Amino acid sequence: MPTALIADDEPHLVEFLRARLARVWPELELIGTVDNGVDALSLARQGAADIAFLDIRMPGLTGLEVARELQADARRPRIVFVTAFDQYAIDAFDADAVDYLLKPVSDERLERTIEKLRAHAAQPPPDLTRLLAQLAQHLGAPGAQALRWIRASRRQADGEITEQIAVADVLYFQADDKYTCVVLRDGAGMRELLIRVPLSELNEQLDKRDFQQIHRSVIVNLSVVAGTRRDLAGKLFIRLRDLARELPVARQYVHLFRQM
């Protein structure tokens, strides 16, 4: 039987989540609730909880700080953040969160989270997953702690829409003034979203086995590269798979594509 703890400093929201969990996941055993980050960390480290539902803003320690403290523990719960604030999603997934729920949580949305938690339960336990990651890092494998999710936005007539994007689905990133443009496949074409993260900072978080900087303003997903083309002046361009667009390769990165 799976077990869980809830950490939230608002009692009515604790009861709200408790009631919904009881309805959509009756086999889940709630082992305790706390109203601050310090107690949440202490309860999580007792090892009895398989899952921790954490608020972001709590006294003592924030939910993010609790999750980061637990990252180094051999036996730690799966983390689900439940919060009223959407701006912490990238930090949450960097802290190995399984999901990020915005209050108020609907039964349908909670059911999708439960599906994710059940899928994670079939994966290697967190201590083994971390051990493998540490081994890969020790052996020099890039991207051992690579970014997996981003939240990007687009403007429309009635406001701004924010989407959660799997990094693996990105075709390429391109610097755009103070922002970074996220380019995704859209049918036979492409669509663009924006994130408020500089390209240089983003490059440090991406898995170097999957993404390669080809220009000071462009990082490309290597899985979508179909080949290269040289123009009459000898300038190299990358061709994207099943798309008409080509991306120029700066001179200092040309050697990476000599075998193409």
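1. The model contains 3 aromatic pairs, where rings of Phe, Tyr and Trp (its six-membered ring) pair if their centres lie within 6.5 Å, and planes under 30 degrees apart count as stacked, over 60 as edge-to-face and the rest as tilted. One of them joins Phe 81 and Tyr 100 in a tilted arrangement, with 6.4 Å centre to centre and 50° between the planes. Because Phe 81 belongs to strand 4 (residues 78-83) and Tyr 100 to strand 5 (residues 97-102), this pair ties together parts that are 19 residues apart in sequence; strands (E, at least two residues) and helices (H or I, at least four) are DSSP runs, numbered from the N terminus.

2. This is a predicted model, in which local features need pLDDT of at least 70 and side-chain atom pairs count only at pLDDT 80 or more, while totals for chains, interfaces and linings use all residues. Residues are numbered from 1 along each chain as its sequence is written, and side-chain values use heavy atoms, with hydrogens and water left out.

3. Phe 81 is buried at 0% relative accessibility, and Tyr 100 is buried at 4% (buried means under 20% relative accessible area, exposed over 50%, partly exposed in between, with a 1.4 Å probe and protein chains only). A further pair, Phe 85 with Tyr 88, is edge-to-face, at 6.3 Å centre to centre and 80° between the planes, and here Phe 85 is partly exposed at 27%.

4. Asp 39, located in helix 2 (residues 37-45), is partly exposed at 38% relative accessibility.
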